[in-house]
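This briefing goes through one structure by topic, starting with annotated positions and then turning to helices and sheets. Please keep the sequence and the coordinates open alongside the text.

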Amino acid sequence: MKIQPSDTPLLQWAGDTLAIGLFEDAVELTDELAKLDEQFGGVLKELIAEEEFTAKAYSTIFTRVRSASPIRKVILVGLGKLEALKLETLRRAAAAVARVAKKQKSISLGLSFPLWNNQSDATAQALTEGVQLALHQDLRFKSEPEEKETKLQTLDLLGLSGQEAAITLANHIVSGVILTRELVAAPANEVTPITLAETAQGMATEHGIDVKILEREECEKLGMGAFLGVAQASDLPPKFIHLTYKPEGTARRKLAIIGKGLTFDSGGLNIKGAGSGIETMKMDMGGAGAILGAAKAIAQIKPDVEVHFISAATENMISGHAMHPGDILKASNGKTIEVNNTDAEGRLTLADALVYADKLGVDAVVDLATLTGACIIALGDDIAGLYTPDDALASELEQAAETAGEKLWRMPMEEKYFEGLKSGIADMKNTGPRAGGSITAALFLKQFIKDTPWAHLDVAGPVWTDKENGYNSPGATGYGVRTLVNWVLAA
């Protein structure tokens, strides 16, 4: 699909399907829209009246045009109230239009939407993202796809001439989101630690960025006992992935982003039982998927920021080599961990990844992990938990997420809860009491960072959706990529 800005006036546009965004307070047709309605023989006014259209956010109505106009179909989409307009409103409204256009087998589509905050570039980017993410289909594993590919060939962004750069930026970000969706959605026999490493190596070759894959022996030399303790039961070798993007000139900031990379989580000897969702544990590498998607986008955008993308990738399996409940592991910073639950394995892999990142001399570290069910209990399926002792970093991530339309909520780092992680025979246990489980998980991770500003995102809920949600079809959402890219670009 070709996406292009257009300076063609609304009354002169001559494509197949025209989509118009309307506010709740301005459903009546005036000025240009009134003239357009005259060209259509009054069909728009009639449609609004018959459907009792109030322009509630993301609501759509559709009609065919039978007039001399070359436009054959019209979609009206609600934008809600003018004072509540956000970039996410435009993104989701564009997605709603894209779905209608697909259903109606539109060949060309023109979008006529108001500007957000008088910013043409941000508006063009949001519309481009919304349409492409809504139309993405993952049909890789169907022998006979139930759905045919969209027929939409061109998308014109009316009134947004000169915004080619914004469209290109959106295209780069969308390519990263789609990579993440496809990594997270793929089954565990397709996405393994080996194939994750191969994906990173392929990306490095394609985009000219640095890659280092540490094998088991190298991880042993670095003392990564926590990571390797999780990995020891799997027949597949662990892979410690480190991608580095460096700008051509001097980097104005250096950042590290870590993603939890459990390509399958059986729970280990504390095996997940019936009703535990074990069949969904292919998505336990949602953090690793997000950082690889972000790396793909950043490598194309080329900001003047150095970024390290890190994942300790492995499976958590059961065998005669599996770590036992009660084992003591030593992380690469020397701290010892009593494993009181082998199903709390993600934080063990992250521990060594955090120590590794902390030694890179970066200005900030952020980790993403499908870490706890407790965070879903606290915040539901749509909102990630943000944990950090650093107010400035929290503010940066909150702003990045707001721009991206990805929801997160800052949670407390209640230090006294660490009492629940204390062990009589090691420095700490890997789990604490059930109450406040997502907080104690974050406090555990905090033990493996020294002085570098650090934040943890628990993304267990929003990496997956079971129903159509905005521009996400059921399945992997690609959550985190757009927030990470926005954070890096604003850093």
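In this predicted model, the residues that UniProt lists for "binding site", in an unreviewed entry, are Lys260, Asp265, Asp284 and Glu345. Although they are spread over 86 residues of sequence, they cluster in space, with a largest C-alpha distance of 11.5 Å.

**Listed binding-site residues**

- Lys260 is found in the loop between strand 9 (254-259) and strand 10 (261-265), and with a relative accessible area of 3%, which is under the 20% limit, Lys260 counts as buried.
- Asp284 is found in the loop that leads from strand 10 to helix 9 (286-301), and Asp284 is likewise buried, its relative accessible area being 4%.
- When residues up to four places away in sequence are not counted, Asp284 touches Lys260, Leu262, Asp265, Glu345 and Thr370.

**The annotated span and helix 10**

- UniProt, again in an unreviewed entry, places the feature "domain: Cytosol aminopeptidase" at residues 341-348; the end C-alpha atoms of this span lie 11 Å apart, and the span is 38% helix and 0% strand.
- Helix 10 (residues 346-358) has 13 residues, which at 1.5 Å a residue should span 18 Å, and the distance between its end C-alpha atoms is 18 Å, in agreement with that expectation.
- Because 13 of the 13 residues of helix 10 are buried, helix 10 is largely enclosed by the rest of the structure.

- Strand 2 (residues 17-22) and strand 5 (residues 108-112) run parallel and are joined by 4 bridges, with Leu111 in strand 5 as the bridge partner of Ala19.

- Strand 12 and strand 13 (residues 336-338) run antiparallel and are joined by 3 bridges, and the bridge partner of Ile328 in strand 13 is Glu338.

Conventions: Residues are numbered from 1 along each chain as its sequence is written. This is a predicted model: local features need pLDDT of at least 70, side-chain atom pairs count only at pLDDT 80 or more; totals for chains, interfaces and linings use all residues. Side-chain values use heavy atoms; hydrogens and water are left out. UniProt positions are given in the numbering used here, feature names are shortened, and annotations may be inferred rather than shown by experiment. Helices (H or I, at least four residues) and strands (E, at least two) are DSSP runs, numbered from the N terminus. Two strands pair if DSSP finds at least two bridges between them. The expected span of a helix is 1.5 Å times one less than its number of residues. Buried means under 20% relative accessible area, exposed over 50%, partly exposed in between (1.4 Å probe, protein chains only). Contact means heavy atoms within 4.5 Å.
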